[in-house]
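Subject: Structure for you to look at

Hello,

Here is the structure I said I would pass on. Please open it alongside this note.

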Amino acid sequence: MVALAVALVLLAPPKPHIVWKPIPFGTKRIAETAAYAQRHYGIDSYVLQPRAIVEHYTASSTFSSAYNTFAADVPDAELHQLPGTCAHFIVDRDGTIYQLVRLDVMCRHTVGLNWAALGIEHVGLSDAQVLGDAAQMRASLALTLWLMWRYHIRLANVIGHNESLTSPLHKELYGPWRCQTHGDWNRADMNVYRARLVALARRYGVGVGPPPRRRATGC
């Protein structure tokens, strides 16, 4: 039994250092989130049971600008609904990982997947910029792998926002939004990210499974 316990510890990737910096998420925002989940997913709850991870970039150059956007619980500029947009984590350019929201609470970061996915934002203006930032990438990969291990999420469910429509977990009841997605973290760049993630997982002897397969979206 002792040998088994030691083996299991060796197979667990280490938890990276995470700075807890919560955005306001009181009863009003929780109620808005539950109402959003009912409208878009048919789920009468704000509770998240993570089954996927979606990677994003902030399209801004500072942590503070992204944080302030998520902290302001106002209708978003693109789709004009409440609650305001948010992500569970922001990874800064220097590799600092900030956690903004509890991991058992839904956050609005990806249409069709908020009911099932944790959101990780990266301060930056493009996929390429984030991929080229060594400190940011080390932190991002460590965070993603640890979350995968903690919630038993396979590589097939680690996607970029631009891949959202092809996820088998995608669900959107509101017709006008069914084909809505973003351009950040396209498949080619996510393939690079996932290859680096696999390499990191091998260092810890952790199996992550195959990458996502293409899936028809009808969009």
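Below is what I found, starting with the charged pairs.

Please keep in mind that this is a predicted model. It holds eight salt bridges. One of them joins Glu 32 and Lys 28 at 2.6 Å, N to O. Both residues sit in helix H2 (residues 27-41), four residues apart, about one turn of the helix. Glu 32 counts as buried at 12% relative accessibility, while Lys 28 is exposed at 51%. These two also belong to a salt-bridge network with Arg 29 and Asp 73.

Another salt bridge pairs Glu 163 with Arg 194 (3.0 Å, N to O). Glu 163 is in the loop between E6 and H6 and Arg 194 is in helix H6, so the pair ties together parts that are 31 residues apart in sequence. Glu 163 is buried at 4% relative accessibility, and Arg 194 is buried at 2%.

Asp 184 is found in the loop between strand E6 (158-160) and helix H6 (187-203). Asp 184 is buried but has no salt bridge; Arg 194, the nearest side chain of opposite charge, is 13 Å away. The side chain of Asp 184 does reach the backbone nitrogen of Tyr 57, at 3.4 Å. Its contacts include Glu 55, His 56, Asp 127 and Asn 162.

Lastly, helix H5 (residues 134-151) spans 26 Å from first C-alpha to last, close to the 26 Å expected. Asp 133 caps its N-terminal end, with a side-chain oxygen 3.3 Å from the backbone nitrogen of Ala 135. Just after H5, His 152 takes a positive phi of about 55°.

Regards

Technical notes. Residues numbered from 1 in each chain as written. Predicted model: local features only at pLDDT ≥ 70, side-chain atom pairs only at ≥ 80, totals over all residues. Heavy atoms only, no water. Helix = DSSP H or I, 4+ residues; strand = E, 2+ residues; numbered from the N terminus. Expected span 1.5 Å × (residues − 1). Polar contact = N/O pair within 3.5 Å; in protein donor to acceptor, adjacent residues only side chain to side chain. Buried < 20%, exposed > 50% of the residue type's maximum accessible area, 1.4 Å probe, protein only. Lys, Arg positive; Asp, Glu negative; His and termini not counted. Salt bridge = Lys/Arg side-chain N within 4 Å of Asp/Glu carboxyl O. Contact = heavy atoms within 4.5 Å. Lists of a residue's contacts leave out its neighbours within four places in sequence.
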